[in-house]
Amino acid sequence: MIRAAALWLVPVAVCLALYWPGLTVFFQQDDFAWLGLSLGIYSPRDFWRAMFAPMAQGTIRPWSERAFFMGFYRLFGLDPLPFRIWVFLTQFANLALIAAITRRITVSRAAGVWAPLLWISNSVLISVMTWSSGYNQALCAFFLLSAFYCFLRGWYGRQWIAFLLGFGALEINVVYPAIATAYALLLDRPRWKKTLPLWLPSIAFTLLHRSFAPKVAGGPYLMHLDLSIFTTLGKYWLWVLGPIRLENITTPPAWLAPAASTLLTAGLTLWVARCVRRRDWKPLFFLAWFLITLAPVLPLRDHASDYYLTIPSIGLAMLVGQAAWTANRIVSSLLILVYLGFSLPVARTAARWSNIRSHRIERMLAGVARARQLHPDKLILLHGVNDELFYTGILDKPFRLIGVADVYLTPESAERITPKPELGFVTDYVLPQGPTLAGLAQGRIVVYEVGGERLKNITRLYEATSPLQLKAEEPRRVDVGNPLLAYLLGKSWHAREAAYRWMPGRATVRIGGPRTARERLYITGYYPAEQLEKGPVHVRVSVDGQPLPESTVQRGMERFDFDYVLPAALVGKASFEIALEVDRTFTPPGDGRELGLAFGVFEVR
Amino acid sequence: MKTTALVLLAALLVVPACRRREKIRVQATDEESASLASIVHTADPKTAPQLLKGFHAVEQNAWRWTMAKFAVALRPPKDAARKGAVLTLKFAVPDPVISRLKTVSLSAAVGGTPLSPETYTQAGEFTYTREVDARLLTGEAVNVEFTVDKAIPPGEVDQRELAVIVTSVGFEAK
């Protein structure tokens with residue numbers, strides 16, 4: 001008993017030693033979007049929608065994303081430690097399951113120790129070990145491993161429970177029947193029929209998911225079902241082996257990574273071939289695990305990501321774990337030495353970097369919170385934000401989580417941050433030039449430099465330098481919820497409410513003109529679902545008196561966005577006026593205001 | 001064993017819960033009002049907002065590479081509106097630049113008024129100095145733009161456009 005516990009604790013200890021910075025990491029990137037889900041819940045209906053409505057790419061991951069983030073946020077707020085502890089506990093369970101499965105398949109205690117050790121040492125686990133949004137990989141691995149372990153033990157009822165729960169963690173769970181069938185066909189032929197019913201939920205889930213997932217016509221999520229799959233597979237193979245990833249932390253001699261990768265590939269190939277000649281199919285099953293769990297992402301040619309290897313790398317770890325025990329001692333020592341020699345430093349260094357990067361974000365948020373205390377009535381402008389801070393710490397709107405509104409980037413940021421339209425538009429976060437100059441002149445803006453140990457108030461300096469480079473032009477993006485842009489709105493608009501502002505039956509907005517004929521007018525807004533139950537709302541939009549095609553807000557379009565082709569005559573104009581008119585208004589009980597539509601942003605781009 | 005594991009799990013989660021934070025622990029900001037400087041050391045974070053465009057990140061805590069066009073906001077020295085001042089740019093033309101581009105010519109413009117250029121044919125450290133007329137030095141801040149006629153384009157030796165390495169730029173009183 002004690003010996004078994006000690007063997008289980010070895011990989012856990014390595015995990016903690018290697019990824020300790022991942023335990024103390026702050027939130028990053030998508031974490032803020034998931035945490036923000038809780039902020040939009042005002043009714044049971046909102047809750048169920050937040051838990052189960054399909055999100056980006058049609059994903060529904062209620063356990064690993066929605067319940068995880070909403071539940072822990074509810075309990076612990078913005079303290080990341082409980083989130084990280086939970087991820088680590090799940091990974092400890094995965095290590096125990098990998099050990100148990102490997103030991104049961106190989107009948108080797110040593111292989112059962114090596115496999116989890118090799119898996120946790122692989123640097124492709126860096127995302128899941130340092131980023132809470134990567135929890136879906138850890139939890140899916142847990143359900144897959146649990147289901148498979150139950151299958152090995154003949155606990156079919158428990159297998160079904162784990163398998164079905166896995167669909168709430170990650171879509172990759174659909175491949176479980178293929179894993180079970182591959183195992184049965186290669187190593188336990190009499191049980192292959194037991195795996196057939198498992199395919200039914202996977203087929204049903206695949207059909208359901210396809211109906212929810214938006215049709216992808218281009219971009220990184222476009223599926224390429226062609227020969228590029230093999231190129232992508234080659235790329236993932238090199239990543240999971242490890243040596244090539246050394247380039248992420250240093251500049252090794254050009255020959256080193258290819259030589260080490262070739263050595264590992266050749267060593268494993270020869271060993272697998274030898275096993276197959278002896279009719280030992282176990283290595284083939286481990287390779288099948290790698291390929292089966294990687295297969296769903298292989299068509300994503302333009303979206304290769306190391307964290308997709310979290311679950312496939314279990315197959316490689318079990319394979320090398322078995323090799324470590326059964327291959328020639330020199331060969332196995334060499335394989336393990338090369339594997340660990342490259343993976344460990346990359347994993348350790350990347351974990352430290354991720355920790356440092358995340359605490360830059362924490363410092364920024366903590367500084368902004370203080371700035372709001374000091375300047376409760378002013379708009380906060382952040383200066384000096386670089387690509388990394390923007391894409392990891394600002395893009396997913398973290399400021400709402402600390403209850404601070406009206407935080408923008410300085411106009412120069414739009415030029416300094418590399419555009420990545422597939423992730424979002426930098427301009428959505430930038431205060432335009434004209435309103436910046438006006439706000440500074442009126443004393444309604446406070447400017448902070450980010451990037452140092454703490455935020456630095458540079459308002460005085462910025463006031464002096466901004467007239468040298470900013471133009472007092474009309475903005476081409478008008479966020480009607482921003483008080484500094486209220487001068488661009490006609491008199492009929494109601495007072496702002498959070499990020500929105502209601503118009504009555506008619507309203508006008510002034511906005512900067514298009515620079516080219518290709519630029520369009522984009523409008524986003526909101527209309528209550530209960531009002532849409534009474535019928536659609538027709539919106540008439542005209543620009544400098546020229547009518548644009550009528551738009552309709554109807555059921556299911558509570559958050560609407562429209563875009564329009566602009567008349568060529570507007571190209572090059574400093575500004576133009578947008579006139580809006582709706583055919584139906586309502587007055588909420590006890591409010592007294594005539595409400596037409598609520599708008600968020602008008603933009604020419 | 002199971003009970004111990006459950007107790008351990010509960011403890012791990014409950015202990016952090018005891019110090020639940022509603023939002024975030026605020027951190028003091030540096031509210032000391034920074035004022036516009038007449039001389040900017042490009043590695044000094046205090047005056048970084050005066051580097052208006054064309055400067056890359058600080059390297060070696062000492063200097064910054066620039067693009068072919070770069071600009072800085074400077075405060076005219078005391079009495080400059082009457083006496084004028086001397087514009088001084090301390091910079092280096094590194095070997096890789098000269099070996100690729102042979103010569104580079106640097107020119108400046110103060111408030112849009114051009115100053116005479118200078119050509120450099122060897123690698124090394126240089127100081128570009130020009131007298132600036134008093135009438136250009138009115139107001140709280142002056143925009144000084146520099147142009148290097150050639151630069152190493154992005155992708156050749158670096159992903160950035162590289163022209164010269166600047167350590168400081170400023171107005172000296174006459």
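Chain B of this predicted model exposes about 9,200 Å², and carbon and sulfur atoms supply 54% of that area. Of its 174 residues, 44% count as buried. The secondary structure of chain B consists of 3 helices and 9 strands, arranged along the sequence in the pattern α-β-β-β-α-β-α-β-β-β-β-β. Among contacts in chain B between residues at least 6 apart in sequence, 66% join residues at least 24 apart.

**Strand 5 of chain B and its partners**

Strands of a sheet pair through backbone hydrogen bonds, in either a parallel or an antiparallel sense. Strand 5 of chain B pairs in the antiparallel sense with strand 6 (residues 113-120) of chain B, over 6 bridges. In this pairing, B:Ser105 stands opposite B:Thr119 of strand 6. Strand 5 and strand 6 of chain B form a hairpin with 2 residues between them. B:Gly111, in the turn, has a positive phi of about 55°.

Strand 5 of chain B is also joined to strand 8 (residues 142-148) of chain B, by 5 bridges, and these two strands run antiparallel. Here B:Ala108 has B:Phe146 of strand 8 as its bridge partner.

**The sheet of chain A**

In chain A, 4 strands form an open sheet in the order 2-1-3-4, with mixed pairing. The edge positions are taken by strand 2 (407-409) and strand 4 (456-457) of chain A, each of which pairs on one side only. Strand 1 (residues 379-383) and strand 3 (residues 445-449) of chain A run parallel and are joined by 5 bridges. The bridge partner of A:Ile380 in strand 3 of chain A is A:Val446.

| Strand pair | Sense | Bridges |
|---|---|---|
| Strand 5 and strand 6, chain B | antiparallel | 6 bridges |
| Strand 5 and strand 8, chain B | antiparallel | 5 bridges |
| Strand 1 and strand 3, chain A | parallel | 5 bridges |

**Helix 8 of chain A**

Helix 8 of chain A, residues 135-153, has 19 residues and reaches 27 Å from its first C-alpha to its last, close to the 27 Å expected at 1.5 Å a residue. The helix is mostly covered, as 17 of its 19 residues are buried. A:Arg153 is found in helix 8 of chain A. Its relative accessible area is 34%; because buried means under 20% and exposed over 50%, A:Arg153 is classed as partly exposed. A:Arg153 and A:Leu423 are 270 residues apart in sequence and, C-alpha to C-alpha, 45 Å apart in space. Helix 8 of chain A is followed by A:Gly154, whose phi is positive, near 80°.

**The interface between the chains**

Contacts between the chains involve 35 residues of chain B and 46 residues of chain A. The area buried between chain B and chain A is about 3,400 Å², and carbon and sulfur atoms give 61% of it. On the chain B side, B:Ile24, B:Gln27 and B:Pro49 lose the most area to chain A, together accounting for 18% of what that side buries.

The count of salt bridges between chain B and chain A is 2. A:Arg460 forms a salt bridge with B:Glu140, and the closest N and O atoms of this pair are 2.6 Å apart.

Key. Residues numbered from 1 in each chain as written. Chains lettered and ligands numbered in written order. Predicted model: local features only at pLDDT ≥ 70, side-chain atom pairs only at ≥ 80, totals over all residues. Heavy atoms only, no water. Buried < 20%, exposed > 50% of the residue type's maximum accessible area, 1.4 Å probe, protein only. Contact = heavy atoms within 4.5 Å. Areas by Shrake-Rupley, 256 points an atom, 1.4 Å probe, with all protein chains shown as cover. Pairing = 2+ DSSP bridges. Expected span 1.5 Å × (residues − 1). Buried area = accessible area lost by both parts, 1.4 Å probe. Salt bridge = Lys/Arg side-chain N within 4 Å of Asp/Glu carboxyl O.
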